[in-house]
Amino acid sequence: FGDKQQGKKAEDACNVFCHYTYENAVDIDAIKDEGERNSVLAQIEEFGQCPSQIFNKPHPKRFPPESIDISVFSKLTSIKSYVRKENVASAPIVHICVRGECVVVVGGDRFVGLHKWRNATADFIPPFSFELEKKSKSKHRRIGVEFARGMMEELAMRMFAVSHDGKTIFSCGHWDNSFKLSSTETGKLIQSIVAHKDVVTCVALSRNSRVLVTGSKDTTVMVWLRDPVHNVLASVHPQHILYGHDDEITCVAVDVDIDVVISGSRDGTCIVYSLRSGNYTRSIYPRGRTVPINWLGISPMGTIITYSADNLVLRAYSLNGRRLHSTDTKMHLNSFYFSESGKMFLAAGRKGTKGVLIALSCHSLRVRCREETPRPIRSIALSKNEHHLLVAMDDASVMVFALNESIMRRLTLQKLKMLGF
């Protein structure tokens, strides 16, 4: 239906078909001979018909996606802090995420807060709405049971996960060696699973919320399938039990599209497994002195990144285990986020009494942006389409970052122009 459908342009592009298939190429009613008419109709039925030509001149080219990206990653040097909400939780926030029109926060005391959130256009300042719920509501929303001895000091994002629809919270680190599924809205227990022989130290949920991975002090990793319709695990027995570490598991990651499960341990190694088969694929051994792996993740592009708190070093590896780069961050990090493109990731934590947020390239680990906050950062989250960055600090306050309003307005106008407005 484009401008190269007929004529010289069609010939040059080798875009030619049987002449009977073109619109208005032949007048069937004008053919008097019945045999000839049937022959033409048979030709049309065999070769089909070309659609009506819509364009007589070349269609405008699309704008490149990068030019209309209005996420915080598009202009890292142009993000700014808009608000700081105090007393968002009754204890330091150890996990924060945005699900639809709700900000879910989990405090170190296991109380869950549900706060109203709504994205807004660049015409509004701030370009979002963030309304805290009444404290009386969150007082009745407590998940799980007490944490095991020693786990309170290690509370981190890796001990919690929230389903994609925001209805279920997964928690671990409990004294009874279980991990639990709780209702986000009420805090009531949905399911409690005891399968590991020691305390469950970490959980990871796939992006589609259908696969859950757990790691434990018993040195094993377990893969679970989830029934998203009923918000429970499909079975009380794991799909796979993965072995290979000599010390407790400290962190796990899963990616359904790439078909990998990755685990990190206090023994200083990372092990890559196949998600579908549960088979061992390879081990990754960092160079130099062996230090525990405190966090690891895999980007949508397949880059594996690890962090060790003992030496404050970030390392990047290919999916085949090849070392790409490493960098000494000189700060204690405890929260991480991969961009949807898989090219960038955020890391946040503390340096002294201040909070530090850095944006790095996944492949080279080059720092592209650095922001400081008045208090150490415990957890970070991004809103839908990565338009806003929420930073939770150890004083239970939350800061919200977004693009400068003038930059956001300009990018929004570019996007509208591309759509023809």
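Q: Buried means under 20% relative accessible area, exposed means over 50%, and partly exposed is in between (1.4 Å probe, protein chains only); what makes D395 count as partly exposed?
A: The relative accessibility of D395 is 26%, which falls between 20% and 50%, so the label "partly exposed" applies.

Q: What kind of model is this, and how are its residues numbered?
A: It is a predicted model, in which local features need pLDDT of at least 70, side-chain atom pairs count only at pLDDT 80 or more, and totals for chains, interfaces and linings use all residues. Residues are numbered from 1 along each chain as its sequence is written, and side-chain values use heavy atoms, with hydrogens and water left out.

Q: How do you know where the predictor's confidence is lowest and highest?
A: Look at pLDDT, the predictor's confidence in each residue, from 0 to 100. The protein chain averages 89, and 95% of the residues score at least 70. The lowest mean, 71, belongs to helix α4 (residues 405–418), and the highest, 98, to strand β16 (residues 260–265).

Q: Why is the contact between R84 and E86 called a salt bridge?
A: A salt bridge needs a side-chain nitrogen of Lys or Arg within 4 Å of a carboxyl oxygen of Asp or Glu. R84 and E86 meet at 3.4 Å, N to O, so the pair passes that cut-off. Both partners are partly exposed: R84 has a relative accessible area of 33%, and E86 has 42%.

Q: What makes R84 and D395 a link between separate parts of the chain?
A: Their closest N and O atoms are 2.6 Å apart, in a salt bridge. R84 sits in strand β1 (residues 79–85) and D395 in the loop between β28 (388–393) and β29 (398–403), so the pair ties together parts that are 311 residues apart in sequence. Together, R84, E86 and D395 form a network of salt bridges.

Q: How do you know that D255 is buried, and which residue does it meet in a salt bridge?
A: Its relative accessible area is 2%, so D255 counts as buried. Its partner is R207, at 2.7 Å, N to O. The two are 48 residues apart, with R207 in the loop between β10 (200–205) and β11 (211–216) and D255 in strand β15.

Q: What makes the phi of D259 and of K330 worth a look?
A: Most residues other than glycine have a negative phi. D259 has a positive phi of about 65°, and for K330 phi is near 60°, also positive. D259 lies in the loop between β15 (249–255) and β16 and is buried, at 16% relative accessible area. K330 lies in the loop between β22 (323–328) and β23 (332–338) and is exposed, at 52%.

Q: How do you know that the protein chain is more spread out than a compact globule?
A: The protein chain has four helices and 29 strands, counted as DSSP runs numbered from the N terminus (H or I, at least four residues, for helices; E, at least two, for strands). Its radius of gyration is 27 Å, well over the 22 Å that the globule rule gives for 421 residues, so it is more spread out than a compact globule. That radius is taken over C-alpha atoms, and the rule is 2.2 Å times the number of residues to the power 0.38. The C-alpha trace spans about 95 × 50 × 45 Å along its principal axes.
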